[in-house]
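Please read the numbered points below beside the sequence and the 3D view.

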Amino acid sequence: QVQLQESGPDLVKPSQTLSLTCTVSGGSILTANTFYNWIRQPPGKGPEWIGNMHYDGNTVHNPSFKSRTTISRDTSQNQVTLQLISVTPEDTAVYYCAREGGPYEYDYWGQGTQVTVSS
């Protein structure tokens, strides 16, 4: 059973960098044809896809974030990390890590982590 767990700060100040980690257990981030996605849901709004890390190390980012995102991985720790720079209160959201086991098939999700951007 694959399990995903997000971790990171609950509170970030405006203009700082948000860093979140998705730790994967029960499966490898190197498994062929899997993608690890970051998705967020701001309060009162629908989910927003941020980007993903492919099993082969390639990444794809949502251009609406205007190059503020970096997605990396640590294969020794089986972790995928999201960095979001220059955060504003509009980045306040629940952030989720989700595995895509097939095209648009999100088969495993983390529980999500609430991040608030406030001074």
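1. β4 and β5 form a hairpin with six residues between them, and Gly44 in the turn has a positive phi of about 75°. Strands here are DSSP runs (E) of at least two residues, numbered from the N terminus. The model is predicted, so local features need pLDDT of at least 70 and side-chain atom pairs count only at pLDDT 80 or more, while totals for chains, interfaces and linings use all residues. Residues are numbered from 1 along each chain as its sequence is written, and side-chain values use heavy atoms, with hydrogens and water left out.

2. Of the seven residues of β4, five are buried (buried means under 20% relative accessible area, exposed over 50%, partly exposed in between, with a 1.4 Å probe and protein chains only).

3. How many disulfides does the count come to? The count is one disulfide, where a disulfide is a pair of cysteine sulfur atoms within 2.5 Å. Cys22 is joined to Cys97, with S to S at 2.1 Å. Cys22 lies in strand β3 (residues 18-25) and Cys97 in strand β9, so the pair ties together parts that are 75 residues apart in sequence. The link is left-handed, with -75° about the S-S bond, and both Cys22 and Cys97 are buried.

4. Three aromatic pairs are found in a search of the whole structure. Rings of Phe, Tyr and Trp (its six-membered ring) pair if their centres lie within 6.5 Å; planes under 30 degrees apart count as stacked, over 60 as edge-to-face and the rest as tilted. The rings of Phe35 and Tyr55 have centres 6.2 Å apart and planes at 80°, so this pair is edge-to-face. Phe35 lies in strand β4 and Tyr55 in the loop between β5 and β6, so the pair ties together parts that are 20 residues apart in sequence. Tyr55 is partly exposed, at 27% relative accessibility.

5. The rings of Tyr96 and Trp109 have centres 5.9 Å apart and planes at 80°, so they too are edge-to-face. Tyr96 belongs to strand β9 and Trp109 to strand β10. Both are partly exposed, Tyr96 at 21% and Trp109 at 42%. Ring pairs link Tyr96, Tyr106 and Trp109 into a cluster.

Terms used
Helices (H or I, at least four residues) and strands (E, at least two) are DSSP runs, numbered from the N terminus. Two strands pair if DSSP finds at least two bridges between them.
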